[in-house]
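Me: I'd like to go through this one with you. Can we start with the overall picture and then look at a single residue?
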Amino acid sequence: MKKSILFLTGAILFSLSSLAQQRDLQFWRPYDQRGINVFESGKADTVAFDGLKVRIGGAFTQQFQSISHENSASPVMDGNGVNVNQLMDIGSGFNLATANLNIDVALADGIRLNLITYLSSRHHPETWVKGGYLQFDKLAFLNSTAFDKIMEKVTIKVGHMEVNYGDSHFRRSDNGNAFYNPFVGNYIMDAFATEIGAEVIYQNNGFIAVASMTGGEIQGGVTNPDKRKPSFIGKLGYDKTLDNELRLRLTGSVYTTSGSVNNTLWAGDRSGSRYYLVMSNTLASTSSDFRTGRFNPGMRDNVTAIVLNPFISYRGLELFGNFEQSKGKASNESEDRTWNQVGVDAVYRFGARDNYYLAGRYNQAGGDMPNGLEPSISRVQVGGGWFITKNILAKLEYVNQNYQDFAATDILNGGSFNGFMIEGVIGF
């Protein structure tokens, strides 16, 4: 029933899309192949404003999964005599189709509204809003020459939006939107959260500086005021394409908060992961255990994370790195713990329209657990893709993930999963 509703929604969206003016908007990232390797929206004013415009778009994905898993955890029985460390029997089949509704509105010259709604997601059975924000690239309503000059290099965003920590969130799959990710799965430690706040971006001749302040949590709230502290996000970087087609980008980012009721920097994606029910026990469901294949170090109270992201692109070859350290703890812990993550992506694009690519990734994360152990998780992803059109993408991926040094009573002890994923993506 849910899939029927999804496909009907897709048909409605396509109809609305044909009615809406599907022109590009000012300072906007396309949801199709053109949006690949776009990070912060630039300051080039390539689209003239000629009145209020509403752009309705969508993103849809579905996967075929053929993965097996195993572990060696000691049996742990619940009150009903069920071994909660026994893995569920999984095999080949189709995952739930997921979908996004994208609404972008040019409200005035240099002022844009973005609103993204998840129509179908692994975790939530109902439609719900990811977030929305206002983006200011011009402040013409102030009638100030000084502000006009400042805004030639500055962008201001206000609302409930993705925190701009690091560069990997520009390359990840976001529920139905999987065009920007050359792989099927995101990183093991997936740095993604939507928080309420404001962001200022400065861009000048390749140099980038970002400063943000948010409420520090995925939702707003007024309770437990002594525990709620703001989050501060900063980024410095350089992004330049040289005359010989060599693009060099290097950024360093920090995210820090001194206290939260429930910080979700490592657990902010409520739409769910791509690897369904891997390392899940026999009591799990796709919606209740929706982060399978990822790892959250559990720093829900205070956290300080830093990441270095190099990106090199030369003709068809792309290299992207993610070198990260996170330090923090939960409210019931007395000392901070540290987790480190390394990710290296290599992508080669070829064809008349760069409509084919091959890709490989190595990802490893490890650190301290509250029980004193220092486990680690490693993953290899190898695959490729075919852009049938700029709006239709087919992906194939082989994934192999292994868990080391988890407690004997942890379901992840001796754990591993591997197999193939096929993913279809539509974005417009």
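Reply: First a term: buried means under 20% relative accessible area. By that cut-off, 54% of the 428 residues in the protein are buried. Keep in mind that this is a predicted model.

Me: What does the secondary structure come to?
Reply: The protein has two helices and 17 strands. Its radius of gyration is 22 Å, close to the 22 Å from the globule rule for 428 residues, so the protein is as compact as a globular protein of that length.

Me: And what box do the C-alpha atoms fill?
Reply: Roughly 70 × 50 × 45 Å, along the principal axes.

Me: Among contacts between residues at least 6 apart in sequence, what percentage join residues at least 24 apart?
Reply: That figure is 67%.

Me: Surface and charge next. How many positive and negative side chains are there?
Reply: There are 39 positive and 41 negative ones, and the centres of the two sets lie 5 Å apart. The accessible surface is about 18400 Å², with 60% of it belonging to carbon and sulfur atoms.

Me: Now Asp190. Where does it lie?
Reply: Asp190 is in the loop between β6 (154-162) and β7 (194-204).

Me: Is Asp190 buried or exposed?
Reply: Buried: its relative accessible area is 7%, and the cut-off for buried is under 20%.

Me: Which residues is Asp190 in contact with, leaving aside neighbours within four places in sequence?
Reply: Arg172, Leu265, Trp266, Asp269 and Arg294. With Arg172 there is also a side-chain polar contact of 2.6 Å.

Technical notes
Residues are numbered from 1 along each chain as its sequence is written. This is a predicted model: local features need pLDDT of at least 70, side-chain atom pairs count only at pLDDT 80 or more; totals for chains, interfaces and linings use all residues. Side-chain values use heavy atoms; hydrogens and water are left out. Helices (H or I, at least four residues) and strands (E, at least two) are DSSP runs, numbered from the N terminus. The radius of gyration is taken over C-alpha atoms; the globule rule is 2.2 Å times the number of residues to the power 0.38. Buried means under 20% relative accessible area, exposed over 50%, partly exposed in between (1.4 Å probe, protein chains only). Contact means heavy atoms within 4.5 Å. Accessible areas come from the Shrake-Rupley method with a 1.4 Å probe; for residues, only the protein chains shown count as cover. Lys and Arg count as positive and Asp and Glu as negative; His and the chain ends are not counted. The place of a charge is taken as NZ of Lys, CZ of Arg, CG of Asp or CD of Glu. A polar contact is a pair of N or O atoms within 3.5 Å; within protein, one must be able to donate a hydrogen and the other to accept it, and residues adjacent in sequence count only if both atoms are side-chain atoms.
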